Amino acid sequence: MIEAVVFDLDGVLVDSEHVWDEVRETLARERGGRWHERAQADMMGMSSTEWSRYMHDVVELPESPEEIDAEVVRRMEARYSEHLPLIEGAVESVERLAGSFRLGLASSSNRPLIDAVLAHAGIADRFEVTVSSEEVKRGKPAPDVFLEAARQLRTAPAQCVAIEDSGNGIRAAHAAGMRVIAIPNRRYPPPLDTLAFADVILESLAELTPATVSPGPTSPGTTSPGTTSPGTTSPGTTSPGTT
């Protein structure tokens, strides 16, 4: 029985992956770093400790990882204060599920950014638990942030559903033992082989309903809404390997 839903933040509730990309690339070019086309994909899901180290070691920024982290977060907060790029249906999906499940959030964003987004969106009080990857040992695709969210919710991972958009996030939630609903990021789509780890694939948050999160029992040979079975696609879902 599903008791809790654990949302990702970036790419699920807020369309921010390109903002992270722009901020980090701009900083790298300003400071004489060696930005490359794989940098954003490499850093998706990393904790702040991990991506700031990547910016120092791989992109070759001269500042310390701590200084890089602080400057990127400062610039992200400034961008959010100007415009919060909420994904269409983000607030409504949270409100819709809050009536049926306990809610948590497991994000690679820094703690100040998590708090700022949820406060500006007016949904902070809907989440019992929010966890940043900077508060656990390893970032995504390691399962640490999802396991910590489940621990704080005092719920077994198998009784949680994770909502994810990225390849690293999908792998992390799957490794944690959670049911995974993927809403693939349109700007940075996850690899098709990674989508195979998702239990359900949706086109948008509009399709995220209590029935999709926790489908009811079905008769043999049938598939309830919001689930997938080999070789079939139920309404509102996409089988792995299709777009």
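**Salt bridges, strands and a cavity**

The count of salt bridges comes to 19, a salt bridge being a side-chain nitrogen of Lys or Arg within 4 Å of a carboxyl oxygen of Asp or Glu. The model is predicted, and local features need pLDDT of at least 70, side-chain atom pairs count only at pLDDT 80 or more, and totals for chains, interfaces and linings use all residues. Residues are numbered from 1 along each chain as its sequence is written, and side-chain values use heavy atoms, with hydrogens and water left out.

Helices (H or I, at least four residues) and strands (E, at least two) are DSSP runs, numbered from the N terminus. Glutamate 25 has 25% relative accessibility and counts as partly exposed, while arginine 29 is exposed at 54%. For these words, buried means under 20% relative accessible area, exposed over 50%, and partly exposed in between (1.4 Å probe, protein chains only).

Arginine 151 is exposed, with a relative accessible area of 54%, whereas glutamate 148 is buried at 18%.

Another salt bridge, between lysine 140 and glutamate 164, also has an N to O distance of 2.7 Å. Lysine 140 is in the loop between strand S3 (129-132) and helix H7 (144-153), and glutamate 164 is in strand S4 (residues 160-164), so this pair ties together parts that are 24 residues apart in sequence. Lysine 140 and glutamate 164 are both buried. Salt bridges can also form a network, as they do among Glu30, Glu71, Arg74 and Arg75.

Next come the strands. Strand S1 (residues 4-7) is covered on both faces: Ala4 and Val6 are buried on one side, and Val5 and Phe7 on the other. S1 pairs with strand S2 (residues 102-107) in the parallel sense over 4 bridges; two strands pair if DSSP finds at least two bridges between them. In this pairing, alanine 4 stands opposite arginine 102 in S2. S1 also runs parallel to S4, joined by 4 bridges, and here valine 6 has alanine 162 as its bridge partner.

Isoleucine 181 belongs to strand S5 (residues 179-182). Its relative accessibility is 0%, so isoleucine 181 counts as buried. Beyond its neighbours within four places in sequence, isoleucine 181 is in contact with residues including Val161, Ala162, Val200 and Thr212, where contact means heavy atoms within 4.5 Å. Threonine 212 is 31 residues away from isoleucine 181 in sequence, yet the C-alpha atoms are 8.6 Å apart.

How many cavities of 30 Å³ or more does the structure hold? There is 1. On a 1 Å grid over the protein atoms alone, a cavity is a set of points where a 1.4 Å probe fits but cannot get out, and lining residues have an atom within 4 Å of a point. Grid points are joined across faces, edges and corners, and the volume is the space filled by probe spheres set on the points. The largest cavity contains about 160 Å³ of space. Its lining has 18 residues, with Asp10, Glu17, Met44, Gly45 and Ser108 nearest its centre.

Notes. 1 Å grid on protein atoms, 1.4 Å probe; cavity = no way out; pocket = protein on both sides within 12 Å on 5 of 7 lines; lining within 4 Å.
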